[in-house]
Amino acid sequence: MPGSKTSSSEQPPTEKELYCPRNFYLGILIGPILTLVGLDLFIFHFLSDIQDYYKFKDTVPTPVIKVLKVELSVGEDNTEEVCVNYEYKTNGKIYTGDRASIYRGRDNFGSFHRDLYQRIKLFQENKSDELVCYVNPQNPAESVIDNSSRPSRFLAELVFSLIALGWGLNMCIGTLLNKKRYFESD
């Protein structure tokens, strides 16, 4: 084609370049790290949020007595998190809670944190009549203000964990299955 430039550096790597010992060690080093990252995301984020969702799903709403502190924390990467301390009364005893929702940590999926912050702030400023929290019946000291499901958060955690897990396992298995090719001499 006239006017198009091709460079020899744009050619795909040769089989010898793909299967050099350096790439074997990279695969053995990076594969397990990606696998562990995927497992961490899956177990400590996705499964943890699913567990918390079911823990608070069918709990009875309990009125919040007082909001001690509420702030919307915004990170440098535009992720948000509601930080809150509140008091509620259950079984004749007053407890202090600090969880705004079942999801721990920051995210930037929509306006969930801003909306939750506004709802809590309005109650704190006596501009709203009622704010409820959801108390774990097995442990009344454990509560959340918002127990709603956010499918986008669940889906993002699942997808990212499976991608990292898949890439890591693929690198480990592919590298080990081709071990002989990495150390062949010409």
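Lysine 55 and aspartate 52 form a salt bridge, with their closest N and O atoms 3.5 Å apart; the term stands for a side-chain nitrogen of Lys or Arg within 4 Å of a carboxyl oxygen of Asp or Glu. Both residues sit in helix H2 (residues 21-56), 3 residues apart, which is about one turn of the helix. Helices here are DSSP runs of H or I with at least four residues, strands are runs of E with at least two, and both are numbered from the N terminus. Lysine 55 is partly exposed at 26% relative accessible area, while aspartate 52 is buried at 4%. For these labels, buried means under 20% relative accessible area, exposed means over 50%, and partly exposed lies in between (1.4 Å probe, protein chains only).

A second pair brings together aspartate 146 and arginine 119, whose closest N and O atoms are 3.6 Å apart. Aspartate 146 is buried, with a relative accessible area of 9%, whereas arginine 119 is partly exposed at 37%.

## A pair at the surface, and a network

Lysine 127 and glutamate 125 also meet through their side chains in a salt bridge, 3.5 Å from N to O. Lysine 127 is exposed, at 61% relative accessible area, and glutamate 125 is partly exposed, at 38%. Elsewhere, salt bridges with shared partners link Asp49, Asp107, Arg150, Arg153 and Glu157 into one network. The structure holds 11 salt bridges.

## How the model is read

This is a predicted model, in which local features need pLDDT of at least 70 and side-chain atom pairs count only at pLDDT 80 or more, while totals for chains, interfaces and linings use all residues. Residues are numbered from 1 along each chain as its sequence is written, and side-chain values use heavy atoms, with hydrogens and water left out.

## Helices and the UniProt record

An unreviewed UniProt entry places the feature "transmembrane region" at residues 24-47 and 154-177; its positions are given in the numbering used here, feature names are shortened, and annotations may be inferred rather than shown by experiment. In the model, residues 24-47 are 100% helix and 0% strand, with end C-alpha atoms 33 Å apart. Residues 154-177 are likewise 100% helix and 0% strand, and their end C-alpha atoms are 34 Å apart.

## Strand pairing

Strand S1 (residues 61-74) runs antiparallel to strand S2 (residues 80-90), joined by 9 bridges; two strands pair if DSSP finds at least two bridges between them. Valine 67 has tyrosine 86 in S2 as its bridge partner. The hairpin of S1 and S2 has 5 residues between the strands, and asparagine 78 there takes a positive phi near 65°.

S1 is also joined to strand S4 (residues 132-136) by 3 bridges, again antiparallel. Here proline 63 has valine 132 in S4 as its bridge partner.
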